[in-house]
Structure formats: structure tokens, C-alpha cells
Amino acid sequence: MFYGIILTRNMSYKYIGSIIYRNHIRGIRAIEQPFLTSCLQTNQNFTGIKTYAKSYKKNKLSHTGKLKELPFAIPNLVSVSKLANLLNCRIQTLIRDLTKLGFKDITNEYILTKEYTELILQEYNYQIPETSIQTSENLYNELKQPSNPKALKKRPPIVTILGHVDHGKTTIIDYLRHSSVVAQEHGGITQHIGAFQVVTPVTKQKITFLDTPGHAAFLKMRERGANITDIIVLVISIEDSVKPQTIEAIKHIKSSGNELIVAVTKIDKISRKEEREKRIIKITNDLMQNDIMVEMNGGDIQLVQISAKTGENMEALEESIISLSDIMDIRSENIPTTMAQGWVVESKINNTVGNIATVLIKKGTLKKGSILLCGDTYCRVKNMINDTKKSVTQALPAEAVEVWGWKDLPNVGDEIVQVKNESIVKKYISKRLALEELEKNTQNIEKYNENKALEFQNKNSTSQDISDEDELSEDVDVVSGPRDVNFIIKTDVSGSAEAVKESIEKLGNKEVKCNIISAGVGIPAESDLKMANLTSSTILCFNLEKLPNEVINNKFGIPIKKHDVIYKLIEDVIDILVKNMKPEFEKKIIATLELREVFEYKLKKKTLRIAGCKVLNGEVKRNAKVHITRKSDNDIIYDGQLLTLKHGKDDIASTKKGSECGLTFTNNFEKFKAGDKISVYELVEVPRHL
């Protein structure tokens with residue numbers, strides 16, 4: 001409520017009256033009332049008018065003066081009306097100020113996020129408390145021990161091998177481990193990350209390798225490999241030089257900031273020295289175009305020519321990795337009091353053991369019985385298996401082990417943190433779930449605000465406008481957007497599930513698109529079959545063992561597609577999408593007739609016109625599809641079906657080339673005349689493609 005008016009000269013009676021009315025001034029101080037009454041009666045002019053409100057004066061857009069103390073805690077989400085109450089100001093004033101700040105379609109129910117609320121409070125000259133923003137991603141950072149330089153000890157380097165398909169990445173590890181890893185991969189393509197530790201044959205030092213997949217579908221897994229590594233070996237075939245996936249790998253290398261070594265493979269296939277040198281020069285030039293400067297071109301990146309098949313120069317590659325790691329002086333904290341930290345590089349479900357995760361240790365020593373926190377799940381370590389399939393009691397930094405005992409399957413790429421007890425685990429998982437729910441709601445706020453703004457506009461429009469909009473929206477719904485074709489993904493490990501999802505979810509066109517209902521690990525369960533039945537989904541099984549008969553021949557009749565190679569799975573998905581596209585047909589002419597004469601027969605109440613024709617080629621059958629064209633303009637004047645097919649007075653089933661016949665047509669079409677051409681056709685489905 002306004003308690004007073006300050007009047008100055010050169011302001012008209014009407015303007016003063018409008019101010020009083022517009023601001024709902026109900027009371028005027030006694031000392032000013034006679035003066036105001038006199039002004040209004042004499043229509044005296046005033047220079048200006050200023051109104052003030054005792055309750056609202058303090059809350060205006062302002063950037064000057066001393067910052068005010070905030071009297072309330074900033075909520076994560078708040079409506080405009082609720083914020084106006086907290087600020088003790090008029091809603092209309094707040095909406096006007098928000099509009100000035102650039103907000104659009106503001107209503108009383110408009111929802112503001114915490115970041116926007118802080119921006120508004122700063123504009124209202126409030127002191128914003130300095131607090132770190134807590135998210136589901138950084139929540140566990142407060143559980144990590146502070147850095148202790150005295151605990152740093154030297155550890156083996158973690159090396160990621162990146163490159164194009166079939167350029168020999170796995171063959172390098174095969175040589176170092178003296179085991180046939182390639183033989184275990186379907187189609188010779190690495191399907192998911194393999195983490196191995198090798199002892200180099202010359203220097204007898206340890207190196208941990210991450211062998212990332214070579215297929216394009218496993219982009220995220222290669223990115224993850226590049227982000228948790230120390231040194232990257234970029235593999236390039238001397239036969240192919242730089243390929244698309246090589247360029248993609250270079251982008252990851254640049255963004256990761258890791259040290260790089262270039263390994264040119266398959267040199268055994270180029271025996272002539274001159275030819276080999278030409279190929280190397282081409283590779284270095286291609287690398288230079290992608291801002292990779294090797295030592296022979298004046299850069300500081302080592303280039304090693306190797307053949308993992310014959311072993312040529314493999315010791316040189318090994319020495320290059322060890323010497324670079326010595327220069328980098330790679331260390332991590334590892335004393336008895338150091339709590340373990342690491343990354344999940346793979347996870348899977350084992351039928352006998354349960355949930356298993358391959359963990360790469362980056363800090364501390366992981367031991368049996370330790371409690372690990374990872375994402376939304378946790379683990380009391382029951383057993384650890386190293387890369388040689390032996391059970392171990394501890395894992396040191398840079399070692400990768402399979403960890404048993406997870407409550408739920410952890411996500412690949414999540415960080416693990418060791419904690420003291422399960423009460424801490426449950427407390428922080430609850431916090432994380434609450435933050436994830438909040439982040440999910442925040443993502444939906446924009447859509448919610450748009451819907452509320454649209455509702456507000458619809459309320460202010462006329463009923464006719466609303467009906468027109470409804471009709472328009474119905475029309476749009478009919479033609480808008482492609483139709484969803486649903487899939488459920490089941491794989492052997494979570495990394496593959498993620499990669500398969502990434503590779504197929506963008507497939508489609510304007511008619512159909514791939515919709516992933518769920519992606520998980522393990523053989524399809526009863527719940528998966530029920531979900532597939534409800535959503536009309538196809539279940540895609542990738543790299544799974546033999547499926548039970550009750551899954552393949554399930555009672556719901558759900559199609560189950562089983563694959564071991566990713567590109568074959570993609571081809572199958574494309575075929576399913578194509579089958580769900582609207583079929584297209586084209587006309588195939590199977591016979592032509594010439595209309596030579598029109599016969600008219602008078603019946604009791606009407607005259608019947610019959611087209612007397614001669615078959616020029618092909619065969620004409622009863623009820624065949626036909627169209628009639630006129631020679632004068634060659635336009636189709638009729639497209640339909642034959643109603644009757646006669647020879648003389650007799651109905652016949654078909655007639656062939658050279659025969660004469662009488663025809664009538666459906667839909668009572670009789671506007672034909674002599675000289676018209678009749679074509680008999682059938683509709684043939686045209687193959688569709690994405």
C-alpha cells in the first residue's frame with residue numbers, strides 16, 4: 001500500500017489522477033491531503049510526481065550501494081510468484097525486471113533455476129553467499145584425500161593404442177604378451193577395451209596397455225581410453241597412411257593433452273627400402289596436415305617403424321615408451337594410508353559370480369575387503385582377478401583387475417573411490433540420487449516454461465483461435481516427425497551396450513527413426529521380454545553366449561537378433577527400419593488395349609455404355625487395375641478397376657493379345673470414347689533405402 005505522494009509542478013490533473021488510480025493509492029497523509037485536493041480542483045500543473053511504497057522500495061534493480069544481506073536460502077527451483085514473496089515485492093514488478101534482463105514469456109508460474117535466481121538477486125543488490133556448486137559429477141570429490149607429495153611413488157605408464165580399423169593395434173599387444181588376442185576377437189576387430197600389463201623383454205619394466213576398439217561405433221570407448229592414459233601410441237599402417245579413424249584419434253589426442261608416439265605398422269609388407277621411405281614421407285606429410293610434427297620433420301614426437309608380425313623394431317617401440325615415461329616421471333600416491341582411486345574400464349554380468357567390473361587403479365593400493373563407491377552403486381571387494389586370470393590379494397597403481405562383489409553393475413567410465421565404511425556409501429549414494437533427480441528436473445524446466453507460456457497465450461485468445469490452433473496442431477501431428485522403431489539392447493559388457501546404442505540411435509530418416517527403449521548387460525530376462533511386448537520392440541543381443549531356447553522361442557513372439565560383429569548388427573537394424581517405412585509402389589504395365597468402338601445398350605431406366613476393345617499385347621484379367629489415356633493430351637482420364645470383362649455376351653476370366661472384348665469400369669465411369677488407350681497394370685513395390 002502506498003502511504004504518500006510527493007508532488008512537483010508542471011504535472012497535469014489527469015496525470016496525477018491516473019497515477020493515483022494505477023498505483024491503487026488508498027491513503028494520503030493528512031498534511032498533504034489539502035494540498036492535493038487543491039491541486040486537483042484547480043487543475044494546477046506540476047513539474048513531476050513521485051510515488052513511493054514503504055514495503056517495496058528496497059527491491060528494485062540496482063547496482064549501487066552496499067550489498068544487502070540475503071534473508072533466505074536460495075532454492076534450487078522457484079516460481080516467479082514464490083520469488084516475489086521471498087523478495088517482498090510485487091509480481092508485476094519482478095516480471096517487468098525479468099523482461100528487462102532478457103527473459104521471455106514470463107508468467108507467475110515461470111520456474112527459475114538456482115543460477116537464474118542468483119543472477120536476479122545480484123541485480124537486486126543482494127549479497128550472494130559463496131558456495132561451491134555441487135553436482136552428481138563432483139559430489140564424491142569431497143571423499144578424496146588431499147594430495148600428499150610425500151606419498152608419491154613411481155608407477156608404470158598407462159598406454160593407450162589408438163588408430164584405424166585393422167592397422168595392427170591388437171597385434172602389438174599380442175607380440176608383447178606372447179598370446180593370440182586377435183584370435184579371440186570376432187572378425188579380427190577388437191570389440192571392447194582390453195586392459196593388460198606386460199613386462200617388456202629388454203628393460204624388464206612394466207607397461208599397462210589399453211587396447212581400444214577399432215570400429216567407428218566404439219567412439220566413446222576410445223575417448224575414455226584417451227582420457228585415463230599417460231601415453232598414446234598412434235598406430236598407422238604403412239600401406240594405408242592416415243585414415244578417417246586416424247584423424248578422429250588425433251582429435252582425441254589433442255583434447256586429452258597426453259604425450260604421443262607414432263607407430264608405423266606392417267613395414268614387413270614393404271620390403272624395398274626406397275618404397276618404404278616414400279611411404280614414410282607420405283605418412284609424415286599427412287600427419288603434418290593434422291598438426292602432428294614428428295622428429296624427422298623438426299618436431300618432438302617419436303616415430304617408430306615396426307612389424308608386430310615379424311617383431312622388427314618392437315624393442316625400439318618398447319624403449320620409446322619407457323624413455324618417454326622416464327622423462328615424464330610418472331608417479332602416483334601409494335602409501336599404506338592412501339585410499340584407492342581408479343576408473344571402471346569395463347563391466348559385465350557373470351552367471352555364476354554376478355556383477356564384475358574391470359578397474360584400473362590410479363592411486364593407492366586396492367585390497368580384498370575394501371569398500372568402493374562408484375556412481376550409484378558400491379562394492380565390498382570379494383575377489384580380484386588380474387589380466388592373466390589369476391586371483392590376487394591387492395592391485396597397485398596402473399594395474400587393471402576384475403573386481404567381484406558389486407551390488408549393482410557400475411557404468412563404464414565412472415570413477416571409483418575407496419571409503420571407510422558402508423554408512424558413508426549409503427549417505428553419498430542418497431545425495432547423488434537426489435542431485436541426479438534435481439538435474440533431471442532442471443533439464444525439463446525449459447520445456448515446462450514453454451508449455452506454461454503457451455497455455456497462458458491460449459487462455460487469452462478467443463475460442464475460435466483456440467479451435468483453429470487445435471486443428472493446426474492435429475494436422476501437424478499427423479505429418480510431423482518420423483515414426484519410432486523400438487529396440488532393446490542386451491550385450492556381454494556395459495561398454496559394448498553403450499557403444500551399440502551410440503551406433504544405432506541416430507539411424508533413420510524423415511519416416512522412421514531408431515528408438516532405444518533400454519540398453520543393458522546379460523541374457524534377456526523375463527522383464528525384457530515383457531517390455532519388448534509392451535513396446536513392440538526388437539531385442540538386439542550382441543556378443544552374448546548361447547541364448548536359452550525360452551528366449552529365442554519366447555511366448556510373446558518377440559524377434560531376437562543375435563550378433564557378434566558390430567557392423568552386421570547395424571546392417572540388421574537398417575533392414576528393420578526399412579521394413580517399417582511406408583511402402584512405395586510403381587505401376588508395371590502388363591497389357592495394353594485400344595478402344596475401337598463404344599456400344600450403348602438401353603436398359604429399363606438407364607443406358608449402359610460398353611467399351612469395345614482389342615488387346616494389343618499382354619493378358620487382361622477380370623478385376624484388373626487399369627488407367628485410360630486420351631491421345632489428344634495423353635493425360636490419364638481414369639484410374640481404377642475393370643468391372644466386367646466380356647467376349648460377346650459371355651463373361652470371361654481373361655483374354656490375350658489379338659482378342660476382342662467388352663469392358664465396363666468401376667465408379668460408373670462412362671466418359672470414354674473411341675481412340676482412347678487402355679493400359680492394364682499391377683502395382684510393384686519399390687525397394688526402399690534409408
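Visitor: Which residues of α3 meet α4?
Guide: This is a predicted model. In it, Val 80, Ser 81, Leu 83, Ala 84 and Leu 87 of α3 make contact with Ile 91, Leu 94, Ile 95 and Leu 98 of α4.

Visitor: At what angle do α3 and α4 pack?
Guide: The angle is about 110°, and the axes are 9 Å apart. That makes α3 roughly perpendicular to α4, since an angle of 65 to 115 degrees counts as such. The crossing of α3 past α4 is right-handed.

Visitor: Which residues of α3 are buried?
Guide: In α3, which spans residues 80–87, the buried residues are Val 80, Leu 83, Ala 84 and Leu 87. They lie on the same side of α3, because the arc they cover around the axis is only 105°.

Visitor: And what covers them?
Guide: The cover includes two helices, α4 (91–100) and α5 (114–123). It also includes the strands β4 (77–79), β5 (111–113) and β6 (126–127).

Visitor: What happens just after α3?
Guide: Asn 88 follows there, with a positive phi of about 60°.

Visitor: Let us change topic. How many residues of β23 are buried?
Guide: Strand β23, residues 415–419, has 4 of its 5 residues buried, and is thus mostly covered.

Visitor: Which strands does β23 pair with, parallel or antiparallel?
Guide: One partner is β15 (residues 341–350), which pairs with β23 in the antiparallel sense over 3 bridges. Strand β18 (residues 371–374) also runs antiparallel to β23, and 4 bridges join them.

Visitor: Now for Lys 490. Where is it?
Guide: Lys 490 is in strand β24, which covers residues 483–491.

Visitor: Is Lys 490 buried or exposed?
Guide: Lys 490 is buried, because its relative accessible area is 8% and the cut-off for buried is under 20%.

Visitor: What does Lys 490 touch?
Guide: Leaving aside residues up to four places away in sequence, Lys 490 touches Gly 520, Val 521, Gly 522, Ile 523, Pro 524 and Asp 528, among others. Its contacts also include Ile 539, Leu 540, Cys 541, Phe 542 and Leu 544.

Visitor: What is the strand order in the sheet that holds β24?
Guide: The order is β25-β24-β26-β27, an open sheet of 4 strands with parallel pairing. Strands β25 (512–521) and β27 (560–563) each have a single partner strand, so they stand at the edges with one side left without a neighbour in the sheet. From one strand to the next, the twist averages 25°.

Visitor: How many bridges are there between β24 and β25?
Guide: There are 9 bridges between β24 and β25, in the parallel sense. Phe 487, for example, stands opposite Ile 516 in β25.

Visitor: Which helix lies across these strands?
Guide: Helix α14 (residues 526–535) lies across β24, β25, β26 (538–542) and β27. The helix runs at about 170° to β24, so the two are roughly antiparallel, as angles over 145 degrees count that way.

Visitor: Finally, the whole chain: how many helices and strands are there?
Guide: The chain has 16 helices and 35 strands. Of its 690 residues, 43% count as buried.

Visitor: What share of the contacts joins residues 24 or more positions apart?
Guide: Among contacts with a separation of 6 or more, such pairs account for 71%.

Conventions. Residues numbered from 1 in each chain as written. Predicted model: local features only at pLDDT ≥ 70, side-chain atom pairs only at ≥ 80, totals over all residues. Heavy atoms only, no water. Buried < 20%, exposed > 50% of the residue type's maximum accessible area, 1.4 Å probe, protein only. Arc of directions from axis to C-beta. Contact = heavy atoms within 4.5 Å. Pairing = 2+ DSSP bridges. Axes fitted to C-alpha atoms, helices over the stretch in contact; angles between N-to-C directions. Parallel < 35°, antiparallel > 145°, perpendicular 65-115°, else oblique. Left-handed = near helix turned anticlockwise from the far one by under 90°.
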